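Here is a short note to read beside the structure, written as numbered points. Please keep the model in view while you go through them.

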Amino acid sequence: MINGGKKLCGKIDISGAKNAAVAIIPAAILCEDVCRIENIPKISDSAVMIKILHSLGAGVRVINDNTVEIDSTHMNCHTVTYEMTKHLRASYYYIGALLGRFGKARVAMPGGCNFGGVRPIDQHIKGFKLLGASIFLDEDAIVDASADCLIGSPIYLDTVSVGATINIMLAATRAKGLTIIENAAKEPHIVDLANFLNSMGADIRGAGTDVIKIRGVDRLHGCTYSIIPDQIEAGTYMVAAAAAGGDVLINNVIPKHLESISAKLIECGIEVEEFDDSILVKSFGRPMRCNIKTMPHPGFPTDLQPQMAVLLSIAKGTSIINEGVWDSRFRYVDQLIRMGASIKVDGKIAVIEGVDQLKGAQIKADDLRAGAAMIIAGLVAKGTTEIDNVIYIDRGYEDVVEKLSSVGADIRRVTVSEPSASVSVG
Ligand code: EPU
């Protein structure tokens with residue numbers, strides 16, 4: 001529940017990156033040793049990835065909310081059931097990790113955010129096959145992968161895919177010989193995964209460029225590693241500050257990762273000041289319009305597209321958003337229209353005519369980032385906004401209610417026993 005219209009003022013600390021954590025947690029099984037991973041965001045996606053580790057027989061010692069020690073020395077299982085994978089897309093990283101460790105993996109096809117279109121994994125499969133693995137999809141939608149010995153190979157990705165780049169890196173780390181991924185994704189979490197694997201003794205170069213070279217090694221050893229700050233969480237709070245107005249220091253970030261979003265906010269007339277590991281966002285009055293095309297990194301991230309749509313809903317003038325990564329990622333627009341936004345969607349294009357103000361409404365989170373956008377809409381709107389399905393938001397934002405309350409938002413989490421029934425504070 002959000003009572004909108006409050007200016008935000010103060011400091012928000014950014015947590016570890018979700019999309020790095022969900023790759024690094026399974027990567028830990030590539031060594032027969034203990035890895036200590038720090039700065040894991042306290043979100044449900046991390047919890048599920050750790051639960052899968054348990055189910056595979058790895059030892060997991062929780063040191064505190066954000067640190068675990070993973071001991072995969074005595075792991076003995078290579079099967080991950082749908083009960084485990086249905087919650088999130090990234091569960092498919094266990095295919096690459098188990099294949100790399102044991103030469104076999106049985107992993108149910110993943111669940112995760114549904115943007116309304118298909119989310120193929122053909123490039124993952126192509127990569128595994130080029131490394132010498134046999135891959136079958138059985139009648140229960142279990143991916144069955146096996147190889148006597150993975151052999152390094154050149155792999156050209158037909159499309160820039162974060163997931164395929166990560167999965168191939170995981171499988172190739174202990175393969176024999178050299179793997180070269182061409183047209184690789186360059187997101188910050190790809191670099192973070194490479195740094196983690198190299199800390200365990202892997203030989204990976206070029207992460208962060210579109211050619212990644214992985215020279216397979218026989219063994220890896222344990223290490224201590226701290227995950228980078230979350231680019232998308234930081235960008236979400238930057239947009240929240242820009243839209244709600246006020247003066248917010250977004251702390252513990254890597255400003256370089258946020259350049260595309262800073263540039264767009266500046267174009268909208270928002271003040272953005274960079275420091276070594278923080279960014280100050282100041283906003284007064286309505287933003288100006290701008291156009292956005294989402295692209296793989298270093299382009300404007302698709303995972304900040306719904307949040308920016310809220311900002312542009314109250315901008316002066318007409319803005320155009322072109323979704324360049326997913327076939328369809330505008331399902332949330334219906335919710336914004338119910339709040340008074342003026343948006344027309346045609347395929348991958350949304351045309352947004354800025355209005356003076358949004359008004360509070362009963363809305364729902366359609367997926368993780370759409371849910372974050374609904375929170376921003378609630379902060380901006382006049383009156384009370386009730387957001388349903390916040391379970392999606394918990395997948396990727398640590399303590400979202402607490403962080404926003406600490407900078408002056410009037411937001412609280414409530415538990416509803418029955419649809420439309422009495423509401424109690426939880
Ligand atoms: N694609 C294919 N074939 C494949 C793989 C991808 O055609 O085998 C296409 C997809 O359909 C899409 C494009 O390639 O059109 C990019 O997909 P990508 O594989 O890069 O996405 P992903 O790995 O499934 C990750 C993030 C998403 C984020 C995208 C794009 C994780 C766990 N997920 O997904 O994050 O939107 O990259 O940056 O890292 C989120 O955090 O909310 C989220 C959805």
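1. Which residue has a polar side-chain atom 2.6 Å from an oxygen atom of the ligand? That residue is Asp303, and the pair counts as a polar contact, a term used for N or O atoms within 3.5 Å (within protein, one must be able to donate a hydrogen and the other to accept it, and residues adjacent in sequence count only if both atoms are side-chain atoms). The protein covers 89% of the 820 Å² of accessible area that the ligand has on its own, with areas taken from the Shrake-Rupley method and a 1.4 Å probe, where for residues only the protein chains shown count as cover.

2. Please bear in mind that this is a predicted model, in which local features need pLDDT of at least 70 and side-chain atom pairs count only at pLDDT 80 or more, while totals for chains, interfaces and linings use all residues. Residues are numbered from 1 along each chain as its sequence is written, and side-chain values use heavy atoms, leaving out hydrogens and water.

3. The protein is divided into domain 1 (2-15 + 229-425) and domain 2 (18-226), with bounds from an automatic or database domain assignment. Contact, meaning heavy atoms within 4.5 Å, joins 21 residues of domain 1 to 22 residues of domain 2.
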